[in-house]
Amino acid sequence: MRCWSAIRTADVAANSPRFRRKSSTFVDAIHDLPATEELAPAQLYSTESGRLFHSGRIAIATVGLPARGKTHISVALARYLRWLGVKTRVFHLGDYRRENMGPGQSIPEDYFFVNASPSSVLLRQKILKKCRDDIYHFLNHENGQVAIYDAVNPITAGRRSLAKEFAKHDVEVYMFTSISTQMEEF
């Protein structure tokens, strides 16, 4: 009976509008934004612009292979920055891909490959554009200070291009690489 109860509770939570699953992580206070703007627990002061530390707009981009902890680190960093009072949001590229594909649709087989077909490249560019547009909107129109761009970003040329694009919009870019050196067999 206990097992059934746990399964039933998870079922209710997963299907409830309040507890819907929005990404690869369950509701974690990052995907559901607070309804009201108020001082964070550790916030020392507030500026007229709503930005702290007078550092302008910042984009933090993750770099690393899949399953290396990029999303976990992004969520932890966002929680910490919010606790300090910095208006922060995480933009998970995987969420944009899932949203764009819709239910029941699958991504093309070559979507994740460097030498993808032209249709897969166009699909990737469309998804990237939507994500970046949301980042710019957050930073420019919602007084956001830190946007965390959670994606694989595997190619050096792509990272350089990303940094140049953000620089055009007067956004400072920092990249962190998540590497796992633990070689375990699954």
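How many bridges join strand 1 to strand 3? Four bridges join these two strands, which run parallel. The model described here is predicted.

## Overall fold

The protein chain holds five helices and four strands. Read from the N terminus, its elements follow the order α-β-α-β-α-α-β-α-β. Of its 186 residues, 35% count as buried.

Among contacts with a separation of 6 or more, 68% are between residues 24 or more positions apart.

The four strands form an open sheet in the order 2-3-1-4, and the pairing is parallel. Strand 2 (88–92) and strand 4 (172–177) are the edge strands; each has a single partner strand, so one side of each lacks a neighbour in the sheet. From one strand to the next the twist averages 20°. In general, strands of a sheet pair through backbone hydrogen bonds, in either a parallel or an antiparallel way.

Strand 1 (residues 58–63) is joined to strand 4 by six bridges, and these two strands run parallel. Ala-59 is placed opposite Val-173 in strand 4.

## Strand 1 and its cover

Six of the six residues of strand 1 are buried, so this strand is largely enclosed by the rest of the structure. The burial applies to both faces: Ile-58, Ile-60 and Thr-62 lie on one side, and Ala-59, Ala-61 and Val-63 lie on the other.

Helix 4 lies across strand 1, strand 2 and strand 3, and runs at about 165° to strand 3.

## Val-146 in strand 3

Val-146 belongs to strand 3 (residues 146–150). Its relative accessible area is 5%, and Val-146 is therefore buried, the cut-off being under 20%. The C-alpha atoms of Val-146 and Ile-58 are separated by 4.8 Å, although the two residues are 88 residues apart along the chain.

Leaving aside residues up to four places away in sequence, Val-146 touches Ile-58, Ile-60, Leu-81, Val-86, Lys-87, Thr-88, Arg-89, Phe-138 and Leu-139.

## Helix 3 against helix 4

The axes of helix 3 (residues 93–101) and helix 4 (residues 118–141) come within 10 Å and cross at roughly 120°. Because of this angle, helix 3 is oblique to helix 4. The crossing of helix 3 past helix 4 is right-handed.

On the helix 3 side, the residues that meet helix 4 are Leu-93, Tyr-96, Arg-97, Asn-100 and Met-101. Their counterparts in helix 4 are Leu-123, Lys-126, Ile-127, Leu-128, Lys-130, Cys-131 and Asp-134. By class, this contact has seven nonpolar, one polar and four charged residues.

The buried residues of helix 3 are Leu-93, Gly-94, Asp-95, Tyr-96, Arg-97 and Met-101. These buried residues pack against strand 2, strand 3 and helix 4. Just after helix 3, Gly-102 takes a positive phi of about 75°.

Terms used: Residues numbered from 1 in each chain as written. Predicted model: local features only at pLDDT ≥ 70, side-chain atom pairs only at ≥ 80, totals over all residues. Heavy atoms only, no water. Buried < 20%, exposed > 50% of the residue type's maximum accessible area, 1.4 Å probe, protein only. Contact = heavy atoms within 4.5 Å. Axes fitted to C-alpha atoms, helices over the stretch in contact; angles between N-to-C directions. Parallel < 35°, antiparallel > 145°, perpendicular 65-115°, else oblique. Left-handed = near helix turned anticlockwise from the far one by under 90°. Nonpolar A, V, L, I, M, F, W, Y, C, P; charged D, E, K, R; others polar. Pairing = 2+ DSSP bridges.
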